[in-house]
Amino acid sequence: MMELRDFYLLFALFACLTVDSALAQELVYTIQEELPENILIGSIPRDLNISAGGGADLIYRLVSKAGEVPLLRVSSGTGDIYTGSQRVDREKLCPGGGGGGGEGEPGECSFEIEVVILPNDHFRLVKVKLVVRDVNDNAPMFPSPVINISIPENTLPNSRFPVPSASDPDAGANGVQRYQLLDGQSVLGLDVVESPEGEKWPQLVVQRGLDREQKDTYVMKIKVEDGGVPAKSSTAILQVTVSDVNDNRPVFRESQLEVQLPEDSPPGTSVIQLHATDADVGSNAELRYLFSAQTPAAVRRSFALDPSLGLITVQRPLDREDVSLHKMTVLATDGSSSPARATVTVNVTDVNDNPPAIDIRYIISPVNGTVPLSEKDPVNTKIALITVSDRDTDVNGKVVCYIEKEVPFHLKAVYDNQYLLETSSFLDYEGTNQYAFRIVASDAGKPSLNQSALVRVRLEDENDNPPVFSQPVIELAVPENNHRGLYLTTISATDEDSGKNAEIVYQLGPNASFFDLDRKTGVLTASRVFDREEQERYIFTVTARDSGNPPLQSQAAVIVTVLDENDNNPKFTHNHFQFFVSENLPKYSTVGVITVTDLDAGANAEVMASVVGDNANFILDPLSGVIRSNVSFDREQQSSYTFEVKAVDRGRPVRTSIAKVTINVIDVNDNSPVVIYPPSNSSFKLVPLSAIPGSVVAEVFAVDVDTGMNAELKYSIVSGNNKGLFRIDPMTGNITLEEKPTAIDQGLHRLVVNISDLGYPKPLHTLVLVYLYVNDTVNNASYVYELIRRTMETPLDKNIGDGTQPWQNEDYLTIMIAIVAGAMVVIVVIFVTILVRCRQSSRFKATQRNKQGAEWMSPNQECKQNKKKKRKKRKSPKSSLLNFVTIEESKPDDPAHEPINGTITLPAELEEQTIGRFDWGSTPPTTFKPNSPDLARHYKSGSPQPSFHLKPDTPISAKKHHVIQELPLDNTFVGGCDTLSKRSSTSSDHFSASECSSQGGFKTKGPLHTRQNSAQYSQKYEMETYYG
């Protein structure tokens, strides 16, 4: 049956194999030996990616034995590893040139340190392995400053003789690399042979025959050099003696031998006996065994070699834990200079002769051998790092560790051979105030060996009760506009501790700058005047702290709500609201919404809106702020409405505010063009046969009381011009000759001219009759008027010259020839006219698109348009029939009803322009927004269109200017006039009025009649007409 002790051993062994990888981590650094103090090697938190959560500060502590001077230093705050005051010497640390702990690769020298990371909530054990790189700090040395070699005189050239090798404590490239023979006297040379193990064996090479009788001794120097930078070297005197001949070398049966030997073998134990033979006889065949010079001194001390028998025996006790492998070179010599060589390797095997070792490194520093702990320390508080080791190997080196009796402590494995001693439950000073227990380490050898260590722990009493508030959340209410120092409440807390640990002081937390708190009594007062509109609620904490060491504290939340008073006026979002509506909008339509706010709360923030004064045109919803019309809008009668609105809250006292509202009426195309000239449908113009093509023979002029594109006019001949003799400018209305009139063209011509605006969604138009009498003179005007009266019976879609005309009395043959020639000319003219008009239409559409895009993007495009739209001018002869028209605007007394006086002066030159129909299909429906800058500027006047008076002999205005109206892209027109020929329309909006003038021209006096489509449109014109 298994004994209780064996059960504990198995349990402890299982605990050792269970390693908490979350607590243990490893780092490996490589450093050079002989580094000075305070050289940074690495950073534990950076290399392990360690960060403290919750704002805690980590503490890094090097675990070391008491009284031990560590080779490295660890910064407790940063976790950085630095070199210490004691320099690292690789040759001292690893005297055999191998690994420091036996765990590295061959030739690697290393040592380890342990670092713990505190506090307990973030505890980790970090094992840091330092691999020490060799530096070239040792020069290679020969075993003796004088080397004697004997060479037989019958030695053949190229024979080789071994030279004792030099040794270098450094390793790798810093070890022995090169040999050089100085002053070989051309007799002897040096060669280096490298063994399979990497050892370099120098050999002396005989380069020519020796003669002892001529010279029996050669003295020279041999130099050895390592591979360091810079290289180190040393020399020895090489003395070569030429000896008499012994021409057979001894020979070993085996040159490589390996032996297994237990480490507990007593002195005198035979290891191996070597056998060598010599073909010589006599004294030359007498062999003697000895260790070579390359055999380490430690091996010579541990083993003895019988020089006669070649038997190797144990000379002193072996310890595998010190040296596990012994390598020796044995020479068998017959007295000659060429001994035989054999290499013997002795592997020392392990026996369980070492009890486990316990190394306790305290995390909490003991005081007089006792570890102080506080009763408030949490479970798993780390006390010490326990490292157990056994110098034996395999089963003999397996160690388990456990605590001997039941205590509130346990061991947690972090590595195979390391444990953390930590608390396993909460400690209570009142129950037990000190503990003494043993930690036992036992190996698995037969018989098992064990070791134990005593640990003493003493508990300290602590201030472990924090103050407690009677209420965790304290809610208060205070009116705004209070006086400073207003008492709010008294805050209190209690502490279950006694004495100094129960003395409580109070302190305000952050965000409590508006309050004062008495530290002893807990009385809370207001230190400032509250304004609910700036901050309605204050939330802060109050801390109660006792006077213990360390002090304990607790917190309570304080919520102070500020009650509202009516101390703010209602506020409109805009001091001046501007809305845009279309004319003809039905009554009770929504025209805009006003918004008003009040920073107060509750009833103090409930606002009612109303219209100031007696304004029956609009209705304002007092709650929603929606403004509805109580009238039908007509922009031609009134373009804007302005009134004031008032907002009143329900607070006490009542507070009010006032804002201004402007309703701008946007034009709708509801007026047809009104013909100004010709004065009637029965007047006529004389076209002499001497008139040249391009001369102006008549003009059509109309206006539209709308504005923008709704007032932009286009002129076209729809009937009566089947011969193509005349052409009308679509923009100015000037009628010009296309070709010189001939005899066949004599007579009365009736042109039906269509005047159409570019309004949206449907353009409006007006027809006017223009009579042109082609003849040299007018001898009988009554006859012409009679002809005009007769044409009234002819439908407008037919030419008045389709039948036989009695006024044509030329010869029939001449008439027929003229008709045929005229027809040919008309066909050519029509073809050319179609081509020209197609090109002009394309140019006009492109111009309109550029104009609309430019006017939408820029407030004033007049200068740019004048630069971009360069047109070729066609000059008419000095005997032009018409002259410029100048309209001079006079300042009215009443902007709504007073007319504007002006003078029409007929032009002497004409500028040719083309225009195409405005493409309403490509333009989206107009949506006017209140924030449109162009609309706001264009409709900023509420004045209706002034009427015009045309008077003769009005002086030319000294002030000439162009006016460019700026509207959104889909409601933009450009008006300007340098001459009448450039005039396309006259807008009813007063921002479209232009002043134009020029000089010259003949005048004809006569009344100018107007035809009006609107009752509100009233204009008076006078004109003097002269026939020459």
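Helices here are DSSP runs of H or I with at least four residues, strands are DSSP runs of E with at least two, and both are numbered from the N terminus. All views show a predicted model, in which local features need pLDDT of at least 70, side-chain atom pairs count only at pLDDT 80 or more, and totals for chains, interfaces and linings use all residues. Residue numbers start from 1 along each chain as its sequence is written, and side-chain values use heavy atoms, with hydrogens and water left out.

**View 1. A nonpolar surface patch that includes V828 of helix α6.** Helix α6 covers residues 812–857 and contains V828. Together with F831, V832, L835 and V836, V828 makes up a nonpolar patch on the surface, and the accessible area of the five is about 440 Å² in total. Patches take residues with over 30% relative accessible area and no salt bridge; like charges are joined within 9 Å, and nonpolar side chains (Val, Leu, Ile, Met, Phe, Trp, Tyr) within 5 Å. Areas come from the Shrake-Rupley method with a 1.4 Å probe, and for residues only the protein chains shown count as cover.

**View 2. The disulfide between C94 and C109.** A disulfide is counted when two cysteine sulfur atoms lie within 2.5 Å, and the count by this rule is one. The sulfur atoms of C94 and C109 are 1.9 Å apart. The disulfide is right-handed because the torsion about its S-S bond is about 80°. C94 sits in the loop between α3 (90–93) and β6 (109–118) and C109 in strand β6, so the bond ties together parts 15 residues apart in sequence. Relative accessible area is 4% for C94, which is buried, and 1% for C109, also buried. Here buried means under 20% relative accessible area, exposed means over 50%, and partly exposed lies in between (1.4 Å probe, protein chains only).

**View 3. Two cysteines, C401 and C838.** C401 is buried at 3% relative accessibility. C838, at 48%, is partly exposed.

**View 4. The salt bridge between R391 and D322.** A salt bridge requires a side-chain nitrogen of Lys or Arg within 4 Å of a carboxyl oxygen of Asp or Glu. Side chains of opposite charge can pair when their charged atoms come close. In the pair R391 and D322, the closest N and O atoms are 2.7 Å apart. R391 lies in the loop between β26 (382–389) and β27 (399–403), and D322 in the loop between β21 (311–314) and β22 (325–333), so the pair ties together parts 69 residues apart in sequence. R391 is partly exposed at 41%, whereas D322 is exposed at 55%.

View 5. The structure holds 20 salt bridges. One of them joins E321 to R320, with N to O at 3.2 Å. E321 is buried, with a relative accessible area of 14%, and R320 is buried at 13%. Another pairs R361 with D359, whose closest N and O atoms are 2.9 Å apart. R361 is buried at 14%, and D359 is buried at 14%.

View 6. Strand β10 spans residues 176–182 and includes Q180, which is partly exposed at 42% relative accessibility. Leaving aside residues up to four places away in sequence, Q180 touches L190, K221, I222 and K223; contact means heavy atoms within 4.5 Å. Q180 and K221 are 41 residues apart in sequence, and their C-alpha atoms are 8.5 Å apart in space.
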